[in-house]
Amino acid sequence: CRTKHSFWVCKTCGKIVRSTERPARCPKCEGIATMTQLHWSCAECLGATKDHVLRLINFLVMDFGVSSGKIKVYFSGNRGYHLHVDDERFEEMEPQVRAEIANYLKGTGLLRPRGSDHGSTTADKNEGWFERLAMSSSKDPIAAFASMIDESVTTDIHRIFRMPGTLHGSSGLLKTRVHDLASFRPDFDPVVLGDEEVTLSVKGSPAFNLKGRTFGPYSSDEPSLPTYAAVYLLTKGLGRIVE
């Protein structure tokens, strides 16, 4: 679904361009090197992210023997999820070892079955990737089972994580605990700012959905928005408050 929300905005005039590749110049003001990418999302990719969280949990429980009770799922406050794993076996792991785990989760380096080899994994190898490859009917079984984690989050042992209960600086949404992934609504449940209206001057913005409402698209507009929607645009540099 990248073609639906691969947006670029001109830093000079605010023109919004939908493109999977960076435009060489702005089609409106013809500025060169003025286009910056907007990290947008849609219901389809947010749903796919949930699927990859479930895949990751499956790997942790089935392949690494982590108790499901030791795994806590949090919505990051922007587009993804953080899994906090309380297991002392991982605490002293160096980045190189963490990179190997990341490669395993993503299926990096695994050989894809070819032709009649597909699904012919021997019965005694009935664990982990062996089992997944054997049971898959997909043309690309690695893509069907791999979890597309953000590798840098796993390998960087000096990374500082956003604390639960704080707002994400790129959205104004809350990093919050997810107790039921299936029913969690990433465009509704983390919205904690109020409904008090704020008037913004918006050069340009694609449409977005929050708290059951659709806002935009905007182009040189001054909409009055609830605070949570106004902050969403402000954090992305798409508007300014009209005094």
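pLDDT is the predictor's confidence in each residue, on a scale from 0 to 100. This report concerns a predicted model, in which local features need pLDDT of at least 70 and side-chain atom pairs count only at pLDDT 80 or more, while totals for chains, interfaces and linings use all residues. Residues are numbered from 1 along each chain as its sequence is written, and side-chain values use heavy atoms, with hydrogens and water left out.

**Confidence and overall figures**

The average pLDDT of the chain is 90, and 94% of the residues score at least 70. Over residues 119–124 pLDDT stays under 50, and the model has five contacts for this stretch beyond four places in sequence; a contact means heavy atoms within 4.5 Å. Where pLDDT is low, the predicted coordinates should not be read in detail.

The chain has seven helices and 12 strands. These are DSSP runs numbered from the N terminus, with helices being H or I of at least four residues and strands being E of at least two. The C-alpha trace spans about 70 × 40 × 35 Å along its principal axes. Of the 243 residues, 37% count as buried, where buried means under 20% relative accessible area, exposed means over 50%, and partly exposed lies in between (1.4 Å probe, protein chains only). Among contacts with a separation of 6 or more, 55% are between residues 24 or more positions apart.

H5 belongs to helix α1, residues 2–5. H5 counts as buried because its relative accessibility is 11%. A polar atom of the H5 side chain lies 3.4 Å from the backbone oxygen of C1. A polar contact is defined as a pair of N or O atoms within 3.5 Å; within protein, one must be able to donate a hydrogen and the other to accept it, and residues adjacent in sequence count only if both atoms are side-chain atoms. Apart from neighbours within four places in sequence, H5 is in contact with L38, W40, S41, C42 and C45.

One of these contacts, C45, is among the buried residues of α2, together with L46, K50, V53, R55, L56, F59 and L60. Helix α2 covers residues 43–63; its 21 residues should span 30 Å at 1.5 Å a residue, and the end C-alpha atoms are 30 Å apart, which agrees. The expected span is 1.5 Å times one less than the number of residues. The cover over the buried residues of α2 includes α1, β4 (71–75), β5 (81–85), α3 (95–106), α4 and α5 (141–145). After α2 comes G65, with a positive phi near 70°.

In α4, the buried residues are G128, W129, R132 and L133. They lie on the same side of α4 because they cover an arc of only 120° around the axis, the arc being that of the directions from the helix axis to the C-beta atoms. Their cover includes α2, α3 and α5. F130 is also in α4, which comprises residues 128–135, but F130 is partly exposed, with a relative accessible area of 43%. Between F130 and K11 the C-alpha distance is 49 Å, at a sequence separation of 119 residues.

Strands β4 and β5 run antiparallel and are joined by five bridges; two strands pair if DSSP finds at least two bridges between them. V73 stands opposite L83 in β5. Five residues separate the two strands of this hairpin, and G77 in the turn has a positive phi of about 100°.

P164 lies in the loop between α6 (151–155) and β6 (176–178). Leaving out neighbours within four places in sequence, P164 is in contact with Y74, H84 and K175. P164 is partly exposed, with a relative accessible area of 41%. From P164 to L174, 10 residues apart in sequence, the C-alpha distance is 7.7 Å.

**Backbone exceptions in loops**

Most residues other than glycine have a negative phi, and most peptide bonds are trans. A cis peptide bond joins G216 and P217, with omega about 5°; P217 is in the loop between β9 (213–215) and β10 (218–221). Two residues other than glycine with a positive phi are tabulated here.
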